[in-house]
Amino acid sequence: MWKIELPKKLTKRYPAYELYLYGEGSYAKEHKILPLTGIPVLFLPGNAGSYKQVRSIGSIALRKAEDIDFKYHFDFFSVNFNEELVALYGGSLQKQTKFVHECIKTILKLYKSSAVPKTWVSTDHLSIVWCKQLQLTTIRAFFDLIDADTKQESDKIYFTFPLANHRKIYTHAYCQSTML
């Protein structure tokens, strides 16, 4: 786990909280060099949870990325709330929420071009509230994940086809399957 340096103003306001980037082996050494190139994921431990719990999901994701020769990978971040109890006290939860908001801004600064494709803005809180393109893209992704029969995450296989950037933007694509 690599501790992410936060702005001094933020560490003064939240001295008990920290932000970490998970990594192991050579992957961890390579990712101390910024900017990062993976897909950022922020793990938030629950009530009295440890930031180290990210290791299980991060390790599995790393093995999967190795299996596909790192065509893409995830960068797992985790917030250390010092195993604070928040289930019954809203004041701590509110403080954690504000810290997470600042962490998201810090994480996004570690990447180039972190916007969602086909949107004009970054993926910050205000954009989610006001950017119609971001809302449509997000909701479309949610609906695509669900199997209508089971109302659970689908096990269907999806294919993506990149379209050349130098051509005009296409709004539809036609694909015929032979079920091979």
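Visitor: How many helices and strands does the protein chain have?
Guide: The model is predicted, and its elements can be read in order. From the N terminus on, they run β-α-β-α-β-α-β-α-α-α-β-β. Sorted by kind, that gives six helices and six strands.

Visitor: Which element gives the largest share of the largest nonpolar core?
Guide: This core has 17 residues, and L19, F77 and F99 have the most contacts inside it. β2 (18-21), β4 (74-80) and α4 each supply at least two of its residues. The largest share is four residues, and they come from α4.

Visitor: Is Q96 buried or exposed?
Guide: Q96 is found in helix α4, which covers residues 90-109. Leaving out residues up to four places away in sequence, Q96 touches Y17, F81, E84 and V86. Its relative accessible area is 6%, and the cut-off is under 20%, so Q96 is buried.

Visitor: How far apart are the C-alpha atoms of Q96 and V86?
Guide: V86 is among the residues that Q96 touches. Along the chain, Q96 and V86 are ten residues apart. Their C-alpha atoms are separated by 8.9 Å.

Visitor: Which strands does the salt bridge between E18 and K3 tie together?
Guide: The two side chains meet at 3.0 Å, N to O. E18 counts as buried at 19% relative accessibility, while K3 counts as partly exposed at 46%. The pair ties together parts that are 15 residues apart in sequence, because E18 and K3 lie in strands β2 and β1.

Visitor: Which helix holds both E66 and R63?
Guide: The side chains of E66 and R63 meet in a salt bridge of 3.7 Å, N to O. E66 is partly exposed at 37%, and R63 is partly exposed at 38%. They sit three residues apart, about one turn, in helix α3.

Visitor: Why are K105 and E102 separated by about one helical turn?
Guide: K105 forms a salt bridge with E102, with the closest N and O atoms 3.3 Å apart. K105 is partly exposed at 37%, and E102 is partly exposed at 23%. The separation is about one turn because the two are three residues apart in helix α4.

Visitor: How many salt bridges does a search of the whole structure find?
Guide: One of them joins E18 and K3. Another joins E66 and R63, and K105 pairs with E102. The search finds three.

Terms used: Residues are numbered from 1 along each chain as its sequence is written. This is a predicted model: local features need pLDDT of at least 70, side-chain atom pairs count only at pLDDT 80 or more; totals for chains, interfaces and linings use all residues. Side-chain values use heavy atoms; hydrogens and water are left out. Buried means under 20% relative accessible area, exposed over 50%, partly exposed in between (1.4 Å probe, protein chains only). Contact means heavy atoms within 4.5 Å. A nonpolar core is a set of buried Ala, Val, Leu, Ile, Met, Phe, Trp, Tyr and Cys residues joined through side-chain atoms within 4.5 Å. A salt bridge is a side-chain nitrogen of Lys or Arg within 4 Å of a carboxyl oxygen of Asp or Glu.
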